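Dear colleague,

Please find below the structure I am handing over to you. My notes on what was found in it follow directly after.

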Amino acid sequence: MPARSTAKASVQGLEKIKHAIAQKGWRKTSPAFSDAACVSAATLKRFWRGIPISQDSFEGICQAISIDIADIIEPDEDSAGASVTHSNRGSAYQDIWAGRTDIRFTLPPQLQNTTRILTLVGLPGIGKTALARFIASQLPDYAPIHLPCHPHSPPTLASLSHTLSQRSQQSGVTLNISNLLNHILEHKYLFIVDGLEGLLTHHPITGYSRLENRLWYKFFQIVLSADSCHSRFILTAQTLPNELDDLGERHPDKWHLHVLSGLTADSQRSLFEQLNIAPAPHTDESDYLAQIAHTYRGHPMALRAIAQDITKTFNGNITAYWNEYQQQSGPAPLHTRHLRKHLLPKLMHTLQQLKTHLPLAHRLLHEGCLKYPDVHLTGKLAQHWMQLARTVVANSQSRSQPREWSDSWVDVLCDHNLLIPKIHNNRLHYHVHPLIYTLITAH
């Protein structure tokens with residue numbers, strides 16, 4: 001299935017869905033329907049009005065009613081004629097999770113055992129939400145509840161209580177905040193708290209992240225410390241939540257942090273094959289495709305957008321794509337149409353949020369990319385980044401910061417997955433993701 005960022009149902013598809021939900025006893029906007037699909041009520045309303053929604057949300061709706069995407073989707077110019085088969089539970093995510101068997105087969109069992117909170121962190125477009133949905137598809141005994149963390153309308157315990165009250169109406173349970181926690185501890189829910197950074201605030205001097213609403217911290221504290229808890233939580237975030245990570249370290253058997261990176265070489269090939277790009281091995285086109293995937297460090301959304309460009313704009317001609325874009329300057333070109341449309345806005349939002357909430361971290365990242373032009377190839381010694389951080393702080397309005405607080409800004413960039421530590425020749429280096437490097441140096 002060619003990559004696409006949004007989808008909507010056809011008129012005939014909507015009729016099929018009406019019939020499917022009627023068999024389940026759901027209304028068009030039933031809380032049970034939105035919970036099973038792991039989408040918000042607002043998303044479900046847009047879906048019924050024929051407004052395009054995200055591909056992930058569309059797939060979640062199809063999975064909730066066990067219907068093939070191909071049976072209901074409205075073809076567009078990017079997907080016309082495509083062959084789509086999603087007949088098995090969770091198959092809607094196979095094109096996203098090509099390979100990655102270590103993730104697909106280890107994380108769901110962890111949640112079935114002692115792990116109560118699984119945190120997925122990584123760059124935008126790396127697949128956090130898709131992975132959360134995939135895990136939910138593998139845990140049919142848990143009722144999924146989707147909690148998107150929009151900064152302007154963040155979820156609260158009161159809104160969660162209201163959601164679960166609607167879900168529990170058939171059993172005659174009336175929930176309020178006072179008995180909410182006991183209900184969650186005693187029932188098998190799978191909460192996907194999506195975009196956790198929308199609930200965080202950051203210390204202006206140290207950059208330490210914590211939950212702005214202190215009730216949420218107490219809530220997760222009880223979830224981890226309770227003698228038993230039948231519900232499970234998946235938190236997705238770009239930013240490592242320092243406060244929750246500290247809490248999790250006190251309950252290592254109940255808390256698991258997984259950092260998502262790019263696809264491996266084998267998974268890259270599998271993804272391209274599933275997107276109908278499969279050059280013969282050991283050919284120029286095969287080598288070009290491998291170099292393209294390496295340039296973008298296996299970033300799934302980037303590779304899906306590139307595959308869409310190759311398929312649609314270049315009629316499947318990998319060499320033509322290579323000649324047009326990959327020989328231009330920059331470690332990870334962002335000037336292809338689908339990269340600009342699908343990925344660039346996410347990365348721009350990330351950097352803007354960093355500049356707004358953590359200006360020192362943004363300045364350090366910006367100056368580091370300009371100062372170390374080869375950072376995308378080998379990185380620089382850790383001491384160089386530490387020294388730059390001290391210089392940035394010394395030249396800022398926060399000159400009273402102790403030296404160790406200056407050094408912490410390097411850790412802040414690492415927590416945001418914008419600066420990645422790695423070992424090279426038995427020395428600690430730092431690596432800026434090529435997409436971030438290109439975006440910063442291009443502006």
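Contacts between residues 24 or more positions apart make up 74% of the contacts in the chain with a separation of 6 or more. Please note that the model is a predicted one. The chain holds 21 helices and 12 strands, and 54% of its 443 residues count as buried.

I begin with strand β5, residues 189-194. Six of its six residues are buried, and the strand is accordingly described as mostly covered. In a regular strand, the side chains alternate between the two faces of the sheet. In β5, one side carries Tyr-189, Phe-191 and Val-193, the other carries Leu-190, Ile-192 and Asp-194, and both faces are covered. As to its pairing, β5 runs parallel to strand β4 (residues 143-148), and six bridges join the two. Within this pairing, Leu-147 has Val-193 of β5 as its bridge partner. Strand β8 (residues 232-237) also runs parallel to β5, with five bridges between them. There, Ile-192 stands opposite Ile-234 of β8.

The next topic is a pair of helices. Helix α18 comprises residues 359-371, which is 13 residues.

How does α18 lie against α17? Two packed helices are described by the angle between their axes and the distance between the axes. The axes of α17 (residues 344-357) and α18 come within 5 Å and cross at roughly 125 degrees. Angles of 65 to 115 degrees would count as roughly perpendicular and those over 145 as roughly antiparallel; the two helices are therefore oblique to each other. On the α17 side, the contact involves Leu-351, Leu-354, Lys-355, Thr-356 and His-357, which meet Pro-359, Ala-361, His-362 and Leu-365 of α18. Sorted by class, this contact consists of five nonpolar, three polar and one charged residues.

Both of these helices also take part in covering helix α21, residues 434-441. Why is α21 described as largely enclosed by the rest of the structure? The reason is that seven of its eight residues are buried, that is, under 20% relative accessible area. They are Pro-434, Leu-435, Ile-436, Tyr-437, Thr-438, Leu-439 and Ile-440. The elements that cover them include α13 (284-295), α14 (300-313), α17, α18 and β12 (427-432).

Finally, two loop residues deserve a remark on their backbone angles. Most residues other than glycine have a negative phi. His-282, in the loop between α12 (265-274) and α13, has instead a positive phi near 60 degrees. Its relative accessible area is 79%, so His-282 is exposed. Arg-297 lies in the loop between α13 and α14 and likewise has a positive phi, about 55 degrees, although it is not a glycine. Arg-297 has a relative accessibility of 25% and therefore counts as partly exposed.

With kind regards

Methods:
Residues numbered from 1 in each chain as written. Predicted model: local features only at pLDDT ≥ 70, side-chain atom pairs only at ≥ 80, totals over all residues. Heavy atoms only, no water. Helix = DSSP H or I, 4+ residues; strand = E, 2+ residues; numbered from the N terminus. Expected span 1.5 Å × (residues − 1). Axes fitted to C-alpha atoms, helices over the stretch in contact; angles between N-to-C directions. Parallel < 35°, antiparallel > 145°, perpendicular 65-115°, else oblique. Contact = heavy atoms within 4.5 Å. Nonpolar A, V, L, I, M, F, W, Y, C, P; charged D, E, K, R; others polar. Buried < 20%, exposed > 50% of the residue type's maximum accessible area, 1.4 Å probe, protein only. Pairing = 2+ DSSP bridges.
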